[in-house]
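Subject: Structure handover

Hello,

Please find the structure below, with notes on what turned up in it. The notes go by topic and can be read beside the model.

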Protein chains: 2
Amino acid sequence: MIETVQLREVGPRDGLQMTKTILSTEQKLEWCRREVAAGIVDIEVTSFVSPKIAPQFADAAEVARQALAIEGCRPAALVPNLKGAQLAIDAGIKSIYFVISASDAHNRANVRRTTEESLEEFRRIIEYRDAHSGERAWIGSGVATAFGCTIQGEVPEKRVIEIAAALAAAGADGINVADTVGYGDPRQVRRLVKAVMDEVAPLPVACHFHDTRGLGLANILAAVDIGVRSFDASLAGIGGCPFAPSASGNVDTEGAAYLLERLGLRTGIDMSALMALRQDIERWLPGEQFARGIGLAGLPKR
Amino acid sequence: MIETVQLREVGPRDGLQMTKTILSTEQKLEWCRREVAAGIVDIEVTSFVSPKIAPQFADAAEVARQALAIEGCRPAALVPNLKGAQLAIDAGIKSIYFVISASDAHNRANVRRTTEESLEEFRRIIEYRDAHSGERAWIGSGVATAFGCTIQGEVPEKRVIEIAAALAAAGADGINVADTVGYGDPRQVRRLVKAVMDEVAPLPVACHFHDTRGLGLANILAAVDIGVRSFDASLAGIGGCPFAPSASGNVDTEGAAYLLERLGLRTGIDMSALMALRQDIERWLPGEQFARGIGLAGLPKR
């Protein structure tokens, strides 16, 4: 039996966070539709953040509404706070992601709260969700800067595990260990992600890697080796974090898909359709830097 | 005890094979001197190939002579045939690399011989070396296109193992399994390189990866996992193979060094000195494409 692996597209959210061009609502939806057609159904379609902070997500409710109507699509949204979670739930989103930075300095820069304050906010989000009638939304949380921080430097692994445990205790449906600034390495992945998995079991643990220092795909390999079967990626590798200097480049979706398939895992992805979409995304975002690798070189001759 | 790993610089040979600019003899030697100062002592400094085929190596004998005079440097040379081996031995080179493609089609394109004819040539080279008085030169051979070929497509793993065995039987001092066109993946590395190691034991087995499809560093990780402790790399990731279409981009030396150190292996490399040299190499080679990753993003803050 071939094992499956989940590849979650975060380009329309994480990817568009730092681009110079703001895509139209229709472009974002075309991205989602074509990615679903290419076999990627889990898509972080937007962020319910104040349009004053991130004007590129001013159409969050509309993107959510229309993405929910795409057959086969499971749209997710990022929420920075309770207000965002309320908006996401009101919009009908069933997969909600919150993020807490293990680095206090990064968390303050990102959402102007201490890590502890963000944990309290997460508890309020879970309470709000639980008090809400209707279909229960899945709420996961990322632990950002889990492998180090460009502001604070080293981040104690103990702290990452503590935060993951606190999120689990607060009722998180899943934990996402995130290398927000591309500091992680395979040895660290095997040690830290394994420790988080052990801590929060049986909660599912996903990984979110950036390729800033070239180790994105090596880190996915390391995570696969210890049993991780869910990864974030961004088409053409666009994105980063606006509050983490020089943290450009998510792992590219096409590169991750290629690696995972070559490792014998089933992604269900149509690589040709994905690469064709990538080419259009490149045209839509002039002046950005895009991942090389498989998207540029093409599939091997067989 | 911290285990050491050998990182072999192939930039002055493999890297310069496809560049538009021909470096001066003095630039090549500055490259070698500064790389030795940065801790990389094994350097493939040139190729003893006909200047009609590769004018960038017309100064091979001079580069070899002066590189041999660099304190601490162990210069190596590539030789495509017996003539080249004679020239390399005459020049005093003590580390000689021959290459045979596991893909017959690639071997013909590369040296206008079948794989079998190349094997015979390798036997002649070993005979010549053995008949020669003086300090015995170390002669290894690469098995190129071991993971697939852009001309032929799939390359049977059985064929790769057979060629490695034939090279070992012919007296090779080491085998280098080479992913000349960037087709390899970590699972294949673990399976095929392990099989080659088992076949030629106790001969040392090294790996030579290209990053064409983004898996260069993931492949090094996979090889480290199965016990490989010797890797080729090219500063700034320059290079490729002129007879393998779209095969650009060796694994970058700085990226490989960063990964290997982060895996807890000792490379003995001064990363800052290496990155400073990379910047000069970039200036020397205008219009080329260079690796991103660590060389661009810089070391993490600690």
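**Rings and charges**

In this predicted model, the charged end of Arg8(A) is placed over the ring of Tyr97(A), 3.7 Å from the ring centre. In chain B, Arg8(B) lies over the face of Tyr97(B), and here the distance to the ring centre is 3.6 Å.

Over all chains, the structure holds six aromatic pairs. One of them joins Tyr97(A) and Trp138(A): the ring centres are 5.3 Å apart, and the planes meet at 45 degrees, so the pair is tilted. The angle falls between the limits of 30 degrees for stacked and 60 for edge-to-face. This pair links distant parts of the chain, with Tyr97(A) in strand E4 (residues 95–101) and Trp138(A) in strand E5 (residues 138–144) of chain A, 41 residues apart. Tyr97(A) counts as buried because its relative accessibility is 12%, whereas Trp138(A), at 28%, counts as partly exposed.

Phe98(A) and Phe122(A) form another of the pairs, with ring centres 5.4 Å apart and planes at 35 degrees, so this pair is tilted. Phe98(A) belongs to strand E4 of chain A and Phe122(A) to helix H5 (residues 115–131) of chain A, so the pair ties together parts that are 24 residues apart in sequence. Both Phe98(A) and Phe122(A) are buried.

**Chain A against chain B**

The size of an interface is often given as the accessible area lost when the parts come together. For chain A and chain B that area is about 3200 Å², with 53% of it on carbon and sulfur atoms. On the side of chain A, the residues that lose the most area to chain B are Arg213(A), Arg292(A) and Lys301(A), which together make up 20% of what that side buries. In terms of contacts, 39 residues of chain A meet 39 residues of chain B.

Five salt bridges are found across this interface. One of the salt bridges in the model is between Arg190(A) and Asp225(B), whose closest N and O atoms are 2.9 Å apart. There are also 18 residue pairs in polar contact between chain A and chain B, counting pairs with both residues at pLDDT 80 or more. Helices H7 (186–200), H8 (216–225), H9 (253–262) and H11 (294–297) of chain A each give two or more residues to the side that touches chain B. H8(A) gives the most, with five residues.

**Helix H8 of chain B**

How many of the ten residues of helix H8 (residues 216–225) of chain B are buried? The count is nine, so this helix is largely enclosed by the rest of the structure. The buried residues include Gly216(B), Leu217(B), Asn219(B), Ile220(B) and Val224(B). After H8(B) comes Gly227(B), which has a positive phi, near 105 degrees.

**Glu9 of chain B**

Glu9(B) is part of strand E1 (residues 6–9) of chain B. Its relative accessible area is 0%, so Glu9(B) is buried. Its side chain reaches the backbone nitrogen of Leu235(B) at 2.8 Å. Leaving aside neighbours within four places in sequence, the residues in contact with Glu9(B) include Trp31(B), Glu35(B), Asp42(B), Glu44(B), Ser234(B) and Thr253(B). The C-alpha atoms of Glu9(B) and Glu254(B) are 10 Å apart, although 245 residues separate the two along the chain.

Regards

How values were computed:
Residues are numbered from 1 along each chain as its sequence is written. Chains are lettered from A and ligands numbered from 1 in the order in which they are written. This is a predicted model: local features need pLDDT of at least 70, side-chain atom pairs count only at pLDDT 80 or more; totals for chains, interfaces and linings use all residues. Side-chain values use heavy atoms; hydrogens and water are left out. Rings of Phe, Tyr and Trp (its six-membered ring) pair if their centres lie within 6.5 Å; planes under 30 degrees apart count as stacked, over 60 as edge-to-face and the rest as tilted. Helices (H or I, at least four residues) and strands (E, at least two) are DSSP runs, numbered from the N terminus. Buried means under 20% relative accessible area, exposed over 50%, partly exposed in between (1.4 Å probe, protein chains only). A charge sits over a ring if NZ of Lys or CZ of Arg is within 6 Å of the ring centre and within 35 degrees of the ring normal. Contact means heavy atoms within 4.5 Å. Buried area is the accessible area (1.4 Å probe) that two parts lose on being put together, summed over both. A salt bridge is a side-chain nitrogen of Lys or Arg within 4 Å of a carboxyl oxygen of Asp or Glu. A polar contact is a pair of N or O atoms within 3.5 Å; within protein, one must be able to donate a hydrogen and the other to accept it, and residues adjacent in sequence count only if both atoms are side-chain atoms.
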